[in-house]
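Subject: Structure handover

Hello,

Here is the structure I said I would pass on. My notes on it follow below.

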Amino acid sequence: MKMCASFFILLISVFSLNCHSQFQPKSNTIDKKIQAKFINLLEFPIDSSAIPRTMNVSSGDVKKVASKDWTSGFFPGNLWQIYQLTGDIRFKERAALWNAFIEKEKFNGKTHDMGFKVYCSFGKALRLEKNEKYKEIIIKSAQTLITRFNSKIGAIRSWDHNKESWDFPVIIDNMLNLELLFEASKLSGDNSFKDIAIKHANTTLKNHFRKDNSCFHVVDYDTLTGAVKKRGTHQGFNDQSSWARGQSWAVYGFTMAYRYTKNKEYLKQAEATAKYYINNKNMPIDGITFWDFNDTAIPNSPRDASSSAVMASALFELYSFTKNKEYLNYANKVVTTLSSDKYFLNESVKGPFLLDHSTGNWPKKDEIDQPIVYADYYFLEAIIRKQAL
């Protein structure tokens, strides 16, 4: 496979730093071709209701969203991470401007996606500079998020829509929003956030996984008894299929939960699902998954670069805990493949994205085989975590 050589050089030459420490920016020389792609993100017009989410590569049309969209925090998060990689203060300044549009979401109790929106933007910012306001925003966001917690069920409610279909839906994606709660406890000294995060993780661990260690997308609970009503999918191929990004959320979420708790059951599940994913019979040779492992159209079904980017980032961290080179090898393969001309957008594409060939919501035929902002986010995070090793 032909490589985007200049980007690979960036991966191996960028300075190393611990991804959980305060960042001291350093200047860094970046290949002009790669810098040009970063500049596309830097120069995207600032608009509170036009945060980039995805685009049509052929037409150049960018799908834009307001702060209430679950993906809104990823674009400023990408700018913060590029600043971390380059030391170019322009990205920091631009990221702060985009962050300002997200702040009001700290009061939005109608969504479980507080972590994706607030922690992927303000959380990244706080790791790179000390700012009391950022701390306050994260803590307030955590206070809002826990209002969705049901003590009878032991979980945070995911969606409020489709009430005719679900009583109390919990999706595997929700594991990633727990990082906001863990961090809020560290910042505030209030362990109630961490306690709720642990209860949610334990409930998910108990009810979301099959015997083969793949996971369901959605588990619906009875609010009166706390019992499971049904298990299924909303974005996968069918209720018994393994939606690829859902498996990635599971590994990432339980690896992260282990980081904060050192609960070996979390680590055990993260490893088991990682092995299911990596060694799946339908895993393509280049490491970039099909959107669902059980799509009957494989090998002619869409890929999902975002799933593999999330998994790569998760596995760099999982490797740091286990030293299992199987995880490191797969993560390195994904970073290499996504850096190639097949997946990394060429300079002729002027949209504010880095990667192509992600799948958003296949059942709704939405965002199929397109650049999607969260694929870039976890790709950049994977690079940073790779450097930390």
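Is Asp 190 buried, partly exposed or exposed? The model is a predicted one, and in it Asp 190 has a relative accessible area of 33%. Asp 190 and Ile 368 are 178 residues apart along the chain, and 42 Å separates their C-alpha atoms.

Cavities

The count of cavities of 30 Å³ or more is 3. The largest cavity has a volume of about 140 Å³. Its lining consists of 17 residues, and those nearest its centre are Tyr 119, Cys 120, Glu 179, Tyr 252 and Tyr 377. At least two lining residues come from each of helix H5 (114-128), helix H7 (178-188), helix H9 (244-261) and helix H13 (373-388). H5 gives the most, with 7 residues. Sorted by class, the lining of this cavity has 8 nonpolar, 3 polar and 6 charged residues.

Largest pocket

The largest pocket holds about 590 Å³ of space. It is lined by 27 residues, with Trp 70, His 112, Asp 113, Trp 159 and His 161 nearest its centre. H9, strand S8 (358-361) and strand S9 (366-370) are the elements that give two or more residues to this lining. By class, the pocket lining divides into 12 charged, 9 polar and 6 nonpolar residues.

Sheet S5-S6-S7

An open sheet is formed by 3 strands in the order S5-S6-S7, with antiparallel pairing. Strand S5 (169-171) and strand S7 (228-232) are the edge strands, each pairing on one side only. From one strand to the next, the twist averages 20°. As background, strands of a sheet pair through backbone hydrogen bonds, in either a parallel or an antiparallel sense.

S5 pairs with strand S6 (residues 218-221) over 3 bridges, and Pro 169 stands opposite Asp 220 in S6. S6 and S7 are joined by 4 bridges, with Val 218 opposite Gly 232 in S7. The hairpin of S6 and S7 has 6 residues between the strands, and Gly 226 in it takes a positive phi near 85°.

Backbone points to check by eye

- The peptide bond between Ile 298 and Pro 299 is cis, with omega at about 15°. Pro 299 lies in the loop between helix H10 (264-278) and helix H11 (305-322).
- His 357 is not a glycine, yet has a positive phi of about 70°. It lies in the loop between helix H12 (325-338) and S8.
- Glu 367 is likewise not a glycine and has a positive phi of about 60°. This residue belongs to strand S9. Its relative accessibility is 5%, so Glu 367 counts as buried, the limit being under 20%.

Regards

Methods: Residues are numbered from 1 along each chain as its sequence is written. This is a predicted model: local features need pLDDT of at least 70, side-chain atom pairs count only at pLDDT 80 or more; totals for chains, interfaces and linings use all residues. Side-chain values use heavy atoms; hydrogens and water are left out. On a 1 Å grid over the protein atoms alone, a cavity is a set of points where a 1.4 Å probe fits but cannot get out, and a pocket is an open set with protein on both sides within 12 Å along at least five of seven lines; lining residues have an atom within 4 Å of a point. Grid points are joined across faces, edges and corners, and a volume is the space filled by probe spheres set on the points. Ala, Val, Leu, Ile, Met, Phe, Trp, Tyr, Cys and Pro count as nonpolar, Asp, Glu, Lys and Arg as charged, and the others, Gly among them, as polar. Buried means under 20% relative accessible area, exposed over 50%, partly exposed in between (1.4 Å probe, protein chains only). Two strands pair if DSSP finds at least two bridges between them. Axes are lines fitted to C-alpha atoms, for helices over the stretch in contact, and angles run from 0 to 180 degrees between N-to-C directions.
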